[in-house]
Amino acid sequence: ADQPKRGGTLVATWGGGEPQAAFVPAGGGSSPFISSTKVLERLLKLNLALEFEPVLAESVTAAPDFKSYTIAVRKGVKWHDGKDLTADDVAFSITDYWKPISSGPVLKTLEGVEVKDSHTVVVRFTQPLPELTFKAQLAGQGGLILPKHVYAGTDIVTNPANNAPIGTGPWKFKSWSRGSHIEFARNENYWQAGQPYLDKLILRYFRDPAARAAALEAGELHLAVFNPIPVPEVKRLTNTGKFVADTHGFENSAWALTLDFNTRNPVLAKREVRQALLHAIDRNFIAQTVYYGYARPGTSPILTANALFHTENVPVYGFDPAKAGALLDAAGLPRKADGKRFAVNLLAAGWFEENGKVGAYLKQALEDVGVQVTLTVPDRPTSIKRIYTDYDFDLAVSNNTTGVEPFPVTTQYYTTDGIVKGAAFRNANGFSNQELDALVERIAVETDPGKRKELVQEFARFAATEVPIVQLLELDPVNVAASYVRNHSNAANYLGESWGDLWLDR
Amino acid sequence: MPRSQRLAAALRRFARHKGALFGALVVALVVVAAFAAPLAFPRDPLRIVGPAELWPFEDPRFPLGTDSVGRDIAALIAYGSRATLVIGLSASLAATLIGVTVGSVAGYYGGRVDEAAMRLTELFQTIPSLIFVLTIVSILGPRIENIVIAVSAVSWTPVARLTRAEFLTLRDRDFVQACRAMGMGDARIIATEVLPNALPPVIVLSSLIVAGAILFESAVSFLGLGDPNLASWGRLIGEGRQLIRSSWYVCALPGAAIMVTVLALNLLGDGLNDALNPRLRDR
Amino acid sequence: MPVLDVQGLETTLFTRAGALKAVDGLSFSVEAGETVAIVGESGCGKSLTALSVMRLLPDPPARITGGRVLLDGRDLAALPERAMMAVRGRDVSMIFQDPMSSLNPVQTVGRQLVEVIRAHTGLSRRAAADRALELLDLVRIPDARGRFDEYPHRLSGGMCQRVMIAIAIACRPRVLIADEPTTALDVTIQAQVLDLLKRLQDEVGMAMLVISHDLGVVAETASRVIVMYAGRKVEEAPVEALFDAPLHPYTQGLLAATPNPDAPPHRLAEIPGMVPGLNELPQGCAFAPRCPRATTRCRVERPALHVPAAGRQVACFAVEEEGTIHAAAVSA
Amino acid sequence: MGRLLGRRALQAVGLLLGVVVVNFTLIQFAPGSFLEVMTAEQQVTDPALIERLKVTYGMDQPAWMQLAKYIWSVARLDFGYSYRQNMPVIDAILAHLPATVLLMLSAIALAGVVGVAAGVLAAVKVNTAWDTLVSMLAVVCFAAPSFWLGIMMLVLFGVKLGWLPVGGMLTIGGDDSLLGQTLDVLHHLILPAAALGLFYAATYARVMRASMLEVFRMDFVRTAKAKGLGRVRVTLFHVLRNALLPVVTILGLQLGTVLGGSVVIESVFSWPGIGTLLFDSVSSRNYPVVLGVLVLGSLLVIAANLLVDLVYMKLDPRIEIS
Amino acid sequence: MPLLSVRDLRVEYPTTRGLVRAVNGVSFDIAPGETVGLVGESGCGKSTLGRAILRLAPITGGSVAVEGRDITHLTRRELEPVRPVVQMIFQDPQGSLNPRSTVGRSIGQPLAVAGWDRDAIEARVAELLRLVGLPPEAAHRFPHEFSGGQRQRIGIARALALKPKLIVCDEPVSALDVSVRAQVINLLKDLQAELKVSYLFIGHDLSVIEHISDRVLVMYLGRIVEAGGRERIWRRPLHPYTRALLAAAPAGHPRLARLRPRAVLEGELPSPLNPPAGCAFHARCPLAEARCREATPTLRPFGPDAAAACHVADATGEVPWPAPTSQPGPGVRTAGL
Ligand SMILES: Nc1ncnc2c1ncn2[C@@H]1O[C@H](COP(=O)(O)OP(=O)(O)OP(=O)(O)O)[C@@H](O)[C@H]1O
Ligand SMILES: Nc1ncnc2c1ncn2[C@@H]1O[C@H](COP(=O)(O)OP(=O)(O)OP(=O)(O)O)[C@@H](O)[C@H]1O
Ligand SMILES: [Mg+2]
Ligand SMILES: [Mg+2]
């Protein structure tokens, strides 16, 4: 409502570490996602009301059979190096980047991309593709538009431009002091008039959450997204009135704490055992002690944040150690002489501090019902390798983030084609069920929103019954900002927004 | 009788040293804590037993408070002394064994053997030690025995150098010459004549290496590369680091434990030095 | 009047075992141009005596607890430290037993020499350097100019001792104390150094106090000899008198125990036992337990010094009782 | 001098070769290659791309070949390519090195000045309250883990008193002038340098004190006093320089540990040095970088040792080129 | 047959600064029951020679024969039977005993090495202690509880343990006080009379050497420059170095010191690293001629009891020596009153 003020430098950070490269085409996690999206843009974005808004696309129109979509590319947009954005860039991004590298599963049925004119692209599929699925891709993590003139004919994954990306966004990559910060300069020629409001944007990296809190307090840091600081600090800082905490901005990237049961382990292959173990876990306790209340027990893969599809009509597993014991007995796993039933290997992915604590709690809880647990807390790369490449775990504490569109990001944690050795954040538990696969096939092609919702809710019930992977907790990530920072936390996946509309009110 | 008198004299010299007595007392306390931990805290110390971040003395059940997830800090510290002692002692023992072997052979034989041994020592001294430890631990995996291996791999060099230096001065001493003159074999001369004389300063150094190993372990655990199934002081500090604004005691307590233990070991070393080191004896 | 007159010097070691009198009531004097030697076995207090005169005792544990050290009538023992600093190196200087370790290893010889000159004369750097070169010539260091910028470790023991001597005589002191100046040196070098000292004494005209355990060195250098045993003077005599007719049984023992090149091979006389430690001194005469002539009196009572003949002193009851003195003992 | 440098250079080459071989071999024992971890993390699943990367890294060859190639490329100062950072290893390291070197040097300088001064004070005032105070402080700083000391100082000076910044090397978006930035860096440097340096200061104070006392007892000091020199002159011109020798020796021996220590301290103070890179690389099995850091670290130690030797030679004429 | 026969013995130490020829072609014999004195200035190779005889120094040339048997190249095992024949006592009574061994153990050690049983060792140790004049209880005490002279006795007892025929005494009394020195020298002489051992007695104190030796070897820079009977040497030294040495020794009496004109030898012992060409002594020698600078003189006989390595010593065995004048000769100054 206020008139944005021009100028100033904003220093921002997030609750994780420095990215390995400024842009990691294959994904590489949230950190490069944050840094790359300040420079590179997508065709659409999803706002807080879960409506799509145009970015680099002026419009996206589905054909009546939903087998093709026409994209009108925004005119008058220039790359940071001065070249014009054209339909060729979009077509190149879809065929050479999305399909082979970033978004293969969604584009499984891609037939072809046709450049109609300099600013029109038609995308064709062999099967009907629901509009939500397609638009979610355009607004999603894997939907960045790359400059063809920079990437064509090169190995996108290793292109040196990934460390100094060239995009269309409000921010030009300026410099990177490794170990410290990345500096972005204002794109004077940004297509959205007036933006960015700030002169300079700096993404700064800290290893230590306490240090972020200190920097915020010292006024050296203005915006810190995604659980940047210890939760008790959040309360302390906001109580001063100089800071605000905001849990918005994760509607299209809802975070969950997950527990994978490796069904390659014959014991865990039994559904009853998985269900029994869930009864041994006090999720409210975890939510209170580990997350200080910024979390609540999850029920199904369609999280509460997903207003479009969420359902309460799923089986729940309350904390009841006695029942857990009884179920295990019934499953033929009685306590042996030493009080142990069987032993498992628990891996807690060390990318978030909290996971280790959850791991410690799970160890204790499961040992209470007679399951012997060996805990390891490897760091990010090792965890990813052990979970998603080597399948070297029995139980794995991990996290994922899912958008409102469940296909394919959410479904591939369950489907057989989600089992891709080496591909992270997919089906690591080895669960394979034809019935479920068939259900997901139908979701993939159902274009009627009402029918589709029913199918998705059935999927949710199915998943919550089989529980090869379970959403132990739904997390409420917090963004913390100085109270004079305006326009933050204002999109459904705020980490990946371009932040051109930020301004400082002081 | 004379041997026991000598021992008594050494003990007296040791006891003259107030710091050394204090050191011995603290080390004894740590040993007791390590052994008594399961008696005092029968449950797994890594168990969450109460509300998070209770300050010391806030709740009588948790005299030293609880950590960020509600584990009993007193239990963690008591059990932490086990990890500390095990790692400190075994790493020091291993380092001493390696160092004494390399050093005595190098010092006694000299020449090419010495040259080779010293190059090896130099090599290990050149590699930045903590970085080397981190690399080894991360490669072999965060387990207690790997930490011991890593720490002893970087700690043996001073022992080797000291042993060598002692051997160099001792091997030309006339009593060693006398043994050679009577036809005694090299192995026997090293083991029964030179080594006992070279050992006192080495023992002193070993006690310091225990201290060093404890610091290494704490750094490794602090950085999160320690064994997650083990209560360790360094790890506790690392986990408490997040809370320095609200609950800095979580960092302060285990750190103080490390400091006091290392301090005690150093004082003990000083005392041992006074008691054992023949060079200082006459003063 | 003697240049140096030590009266009743008492130097005490304050140790864990208690206060030990390492030098006990020692009196002697040295005239200008005269060389007095102190002999005695290791640990009898020779060095502490010298250091007491220089006021360079290792404190703790040693301190002067009594007596006077008169230099030209001025009591050094009572001088404030600042005044004493001006005396050291200018009026009294000292050379030590181990010449190698007595020079600063990280400074050139020249600089160490210049330092002492400038500390006491206020000469310019250049003038002091010239003077230093003269001194190096004086102590017969070959190629003095070349050695001036050399570090001590490049010089042999003999050369170092010459440099030490140059430092000591740089300000033409009234008294030069030499504590075992040649013990660390080889025979031929020792002869060179003793020769040098003698010559310098003639040239500079200073009084010399030579400390040694070697009777040979004493015979070569001294005109008067003081024999010490366990911190006390047991005998004093002109050098020839002492060698011809030692009075104290200890002195007699020492001479008899020394192989004499001028006598046919004989069985050496032994002094049984060994020098007692300071903390186990017997009640009476310290030498009594080893003395062939000791009587019960010797074991309970300490003999005082008496003068059996002109220029001689001895502390022994047996000699006192004998009363008669060999004619040779008087000749000086 | 030239010959000495030549010989030391030759020795350094031998040592470096050893360092490379030891670490390379060690890394061969690591389960899983860095390539696997990286492709997993970056979600590269295309087998063709993986094969291509394998060839790029020479990982299709036997270990000894890889070692030989690595040695050969290190000889040309090429430490390989870090796929993870998407840049040559040397660039990745050089991007982080200046901050670390700055931290190390300030810590050592601080430690040297404080430690030597404290040691001299304690020795000159031996057996007084000063001596006791220095000894006690030294013993405490010697025993406390540096990262813990750092945290405690951070709590006190950063959090409670708010005098000093709690992390980082620069106030981002602060004063842009050179002077302003320098002051800003210095302001940020105080705590980490102190946290890292105190341990060494304690060591130097202890060594310096002992060494001063020992030199005080030496014959040549007695000579200097016998020359009639004042206490100050004796202490400054005769004792100090000789007493410094062991400190210099220790300094040389400790450089490797300073590098390691700074890695930990960097993590406490978010100092943008080599530590960040190292942790990231160690945990991602990014071995070209780990090897690079180890080799470069060793090189640093070797260079520093050479420097120390030269200083030593300057201080002690007895050390001769032999 | 001589007890010990050394022929052209060489010992060289490679050091970083060059090769040190510590012993450079030394030949001599020792007969049973004889005491041979070895004098020379510090660093001239006396100890090295002594050690080489026990194979404790690296022999690089020549031979050492004990009782006619060449031991130069024997292995440790082969040396075993020869070991007891030659033993050694050392200068530093402190350093020659293991501070951590009881005196009994130290003395008994050679016996233990030789394989004696415990009781026999104990009995022999008691006997040895008695022999060197120490009480039997001494066996249970440690070296630091003894005075220097007593420690030296312990060292002697250990050397005697295996009933050696030759004892190399490396400056055994140099570290002792005058009064104690006499005790030890007397003990050595008594033991010789009783046990008929031979001594190679190394020392730098000429009066002691003169007192104890039957024959004397004078060493200079790794070589023997003069050998002969004690009396002859003191009466009529052949080599200019021997003369200088004798002249430099302090006189035993002040009157002698005053009467005797003293020739003070200039210069110092050259470095063994780069010894001067020709006669090593020529730079300090008052008589040096051109040939002395070129050819190294060998030890040659000058009569039954005399040998010297000097070019200028003439056939009658007399070395001309410049008469003491007030005018110093080349390189020699006279001192005295
Ligand atoms: N710093 C010291 N601390 C304790 N005792 C000392 C110290 N200096 C000397 N003494 C003792 O004082 C006594 C006399 O020592 P001093 O050095 O004067 O003997 P000395 O006659 O010079 O002997 P030497 O011939 O061995 O030099 C000895 O018993 C010695 O042990
Ligand atoms: N182990 C060794 N390595 C190198 N050089 C040596 C060694 N032992 C002795 N030397 C050298 O050999 C020479 C002879 O030494 P040796 O000890 O035999 O002399 P010495 O006559 O016994 O002297 P001193 O009277 O000082 O005992 C010296 O120059 C010495 O430096
Ligand atoms: Mg003395
Ligand atoms: Mg010798």
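**Ligand contacts, a buried glutamine and an interface**

Modeller: A polar side-chain atom of Lys46(C) sits 2.9 Å from an oxygen atom of ligand 1. The model is predicted.

Biologist: What makes that pair of Lys46(C) and ligand 1 a polar contact?

Modeller: A polar contact needs N or O atoms within 3.5 Å. The Lys46(C) pair is at 2.9 Å, so it qualifies. The backbone takes part too. A polar backbone atom of Gly43(C) is 2.8 Å from a ligand 1 oxygen. For Cys44(C), the backbone distance is 3.3 Å. Ligand 1 alone exposes 620 Å², and the protein buries 65% of that.

Biologist: Which residues are closest to ligand 1?

Modeller: Ser42(C), Gly43(C), Lys46(C), Ser47(C) and Leu48(C), out of 13 that surround it. Helix α1 (residues 46-54) of chain C gives the largest share of that shell, three residues. By class, the shell splits into six nonpolar, four polar and three charged.

Biologist: How do you know that Ser42(E) makes a polar contact with ligand 2?

Modeller: By distance. An N or O atom in the Ser42(E) side chain is 2.7 Å from an oxygen atom of ligand 2. The cut-off is 3.5 Å, so the pair counts. Ligand 2 has 640 Å² of accessible area on its own, and the protein covers 64% of it.

Biologist: Which elements of chain E each supply at least two residues of the shell around ligand 2?

Modeller: β1 (4-15), β2 (18-30) and α1 (46-53). The largest share, three residues, comes from α1(E). The shell has five nonpolar, six polar and three charged residues.

Biologist: Why is Gln195(A) called buried?

Modeller: Buried means under 20% relative accessible area. Gln195(A) has 12%, so it counts as buried.

Biologist: Where is Gln195(A) found, and what does it touch?

Modeller: It is in the loop between β9 (181-186) and β10 (200-204) of chain A. Leaving out residues up to four places away in sequence, Gln195(A) touches Arg186(A), Asn187(A), Tyr190(A), Gly500(A) and Asp501(A).

Biologist: How many residues of chain B are in contact with chain D?

Modeller: 37 residues of chain B, against 50 of chain D. The two chains bury about 3700 Å² between them. Carbon and sulfur atoms carry 78% of that area. On the chain B side, Thr126(B), Ile131(B) and Ile139(B) lose the most area to chain D, together 17% of what that side buries.

Conventions. Residues are numbered from 1 along each chain as its sequence is written. Chains are lettered from A and ligands numbered from 1 in the order in which they are written. This is a predicted model: local features need pLDDT of at least 70, side-chain atom pairs count only at pLDDT 80 or more; totals for chains, interfaces and linings use all residues. Side-chain values use heavy atoms; hydrogens and water are left out. Helices (H or I, at least four residues) and strands (E, at least two) are DSSP runs, numbered from the N terminus. Buried means under 20% relative accessible area, exposed over 50%, partly exposed in between (1.4 Å probe, protein chains only). Contact means heavy atoms within 4.5 Å. A polar contact is a pair of N or O atoms within 3.5 Å; within protein, one must be able to donate a hydrogen and the other to accept it, and residues adjacent in sequence count only if both atoms are side-chain atoms. Accessible areas come from the Shrake-Rupley method with a 1.4 Å probe; for residues, only the protein chains shown count as cover. Ala, Val, Leu, Ile, Met, Phe, Trp, Tyr, Cys and Pro count as nonpolar, Asp, Glu, Lys and Arg as charged, and the others, Gly among them, as polar. Buried area is the accessible area (1.4 Å probe) that two parts lose on being put together, summed over both. A residue is near a molecule or strand if one of its heavy atoms lies within 4 Å of it.
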